[in-house]
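Take a look at the protein chain below. Then read on for a short tour.

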Amino acid sequence: MSGKKQHEKKVFQLFKNLIDDFPKGKVIQNESPDFLLRLNQKKTIGIELTELRGQTFHENQGHFENPDLLFQHIENTISAKEEKIYLYQKVKPVELWLLIHIQSFQGKLNFHYRNKLSNWSFTSSFDRIYLLEIKNKDLHLIC
């Protein structure tokens, strides 16, 4: 298994563990979308993972450096994945989820993004969009 696939698997496992009511089913690592959650023979949830686009990193540690641009970066990330949604729909999922992840928002910055997330509105063809901060195991449903 490639390093990217192993990383995706770790991110997905953390995501799965952070959702109390994560649906029961068989998880299959895939390509487009990255994971399929087979609920039964006819129902599948597609889950696409992506890193937050446009981020700058603090000393290459994966820390988000410019919090003022967070809304725009989330919108750009969603938009980039919207362009590929036709690929994800080929597996005919009953739902399609997007998991945007980042290593950390912390570092030298004191940034309380949680308050801002609840006030922002995003539109998308995805049924659910989550934002995951890996280091602090912080998961937010943003759409």
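## Model and confidence

This is a predicted model, in which local features need pLDDT of at least 70, side-chain atom pairs count only at pLDDT 80 or more, and totals for chains, interfaces and linings use all residues. Residues are numbered from 1 along each chain as its sequence is written, and side-chain values use heavy atoms, leaving out hydrogens and water.

The score pLDDT is the predictor's confidence in each residue, from 0 to 100. The chain averages 87, and 85% of the residues score at least 70. Confidence is lowest in helix α4 (residues 113-119), with a mean of 78. It is highest in strand β2 (residues 35-38), at 98. Where pLDDT is low, the predicted coordinates should not be read in detail.

## Overall layout

The chain holds 4 helices and 6 strands. Both are DSSP runs, numbered from the N terminus: helices are H or I with at least four residues, strands are E with at least two. From the N terminus on, the order is α-β-β-β-α-α-β-α-β-β.

Of the 143 residues, 42% are buried. Buried means under 20% relative accessible area, exposed means over 50%, and partly exposed lies in between (1.4 Å probe, protein chains only). Contact means heavy atoms within 4.5 Å. Among contacts between residues at least 6 apart in sequence, 62% join residues at least 24 apart.

## Helix α1

Helix α1 has 16 residues and spans 23 Å from its first C-alpha to its last. That is close to the expected 22 Å, which is 1.5 Å times one less than the number of residues. Its buried residues are K5, E8, V11, F12, L14 and F15. They pack against β1, β2, β3, β4, β5 and β6.

Why does K5 count as buried? Its relative accessible area is 18%, and the limit is under 20%. K5 touches Q29, N30 and E31, leaving aside residues up to four places away in sequence.

## Strand β5 and its partners

Strand β5 (residues 128-133) is mostly covered: 5 of its 6 residues are buried. Two strands pair if DSSP finds at least two bridges between them. β5 pairs with strand β4 (residues 95-102) in the parallel sense, over 6 bridges. Here I102 stands opposite E133 of β5.

β5 also pairs with strand β6 (residues 138-141), in the antiparallel sense, over 4 bridges. L131 stands opposite H140 in β6. The two strands form a hairpin with 4 residues between them. In that turn, K137 has a positive phi of about 50°.
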